[in-house]
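Please keep the sequence and the coordinates at hand while reading.

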Amino acid sequence: QVQLVESGGGSVQAGGSLKLSCAAPGYILSNCEMGWYRQAPGKERELVSRISSDGVTTYVDSVKGRLTISRDNSENTLYLQIYALKTEDTAVYYCATLDCYLGPPGTDATTLWGQGTQVTVSS
């Protein structure tokens, strides 16, 4: 089952930039808080940024100032713009819903997850 679909990753030189996208075929995300996670080789998956349904954003300290999370509700798409990439940014990047209720009233929060997109930064 396809839930969220990440794209835009690739191999870049340190100092470059990438813009990742997250699409949601079959779901309307306008009322959902969304987030971007990453998992580096041998490391635990970490939440690096989140954006609320009304556009309030938060970032982990290690990426603050180099990363911008945004959403386009008219396109039902989530974005992650990363600037000044560092080798330590190398990871698989995932998007996910964080606070989302897509089912009937009274149901539990809906968790959607993607398969990730690889970002590799070389020196």
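A residue is called buried when its relative accessible area is under 20%, and exposed when that area is over 50%, with partly exposed lying in between. The model discussed here is predicted.

## Surroundings of Thr-77

With a relative accessible area of 14%, Thr-77 falls under the 20% limit and therefore counts as buried. Thr-77 is placed in strand β8, which covers residues 77-82, and a polar atom of its side chain lies 2.9 Å from the backbone oxygen of Glu-75.

Once neighbours within four places in sequence are left aside, the contacts of Thr-77 are Ser-21, Cys-22, Ser-70, Arg-71 and Asp-72. One of these, Cys-22, also takes part in a disulfide.

## Disulfides

The count of disulfides comes to two. In one of them, the sulfur atoms of Cys-22 and Cys-95 are 2.0 Å apart, and the link is right-handed, with 65° about the S-S bond. This pair joins distant parts of the chain, since Cys-22 belongs to strand β3 (residues 18-23) and Cys-95 to strand β9 (residues 91-99), 73 residues apart. Cys-22 is buried at a relative accessible area of 0%, and Cys-95 is likewise buried at 0%.

The disulfide between Cys-32 and Cys-100 has a sulfur-to-sulfur distance of 1.9 Å. Here too distant parts of the chain are linked, with Cys-32 in the loop between β3 and β4 and Cys-100 in the loop between β9 and β10, 68 residues apart. Cys-32 counts as buried at 1% relative accessibility, as does Cys-100 at 0%. When the bonded cysteines are numbered in sequence order, the pairing reads 1-3, 2-4.

## Salt bridges

Side chains of opposite charge can pair when their charged atoms come close. A search of the whole structure finds five salt bridges, among them the one between Arg-50 and Glu-33, whose closest N and O atoms are 3.0 Å apart. Arg-50 lies in strand β5 (residues 46-51) and Glu-33 in strand β4 (residues 33-39), so that this pair links parts of the chain 17 residues apart. Arg-50 is partly exposed at 28%, whereas Glu-33 is buried at 18%.

Another salt bridge brings together Lys-64 and Asp-61, at 3.6 Å from N to O, and both of these residues are exposed. Arg-38 and Glu-46 meet at 2.9 Å, with Arg-38 buried at 8% relative accessibility and Glu-46 partly exposed at 30%. Through salt bridges that share partners, Arg-38, Glu-46, Arg-66 and Asp-89 are joined into one network.

Definitions and conventions:
Residues numbered from 1 in each chain as written. Predicted model: local features only at pLDDT ≥ 70, side-chain atom pairs only at ≥ 80, totals over all residues. Heavy atoms only, no water. Salt bridge = Lys/Arg side-chain N within 4 Å of Asp/Glu carboxyl O. Helix = DSSP H or I, 4+ residues; strand = E, 2+ residues; numbered from the N terminus. Buried < 20%, exposed > 50% of the residue type's maximum accessible area, 1.4 Å probe, protein only. Polar contact = N/O pair within 3.5 Å; in protein donor to acceptor, adjacent residues only side chain to side chain. Contact = heavy atoms within 4.5 Å. Disulfide = S-S within 2.5 Å.
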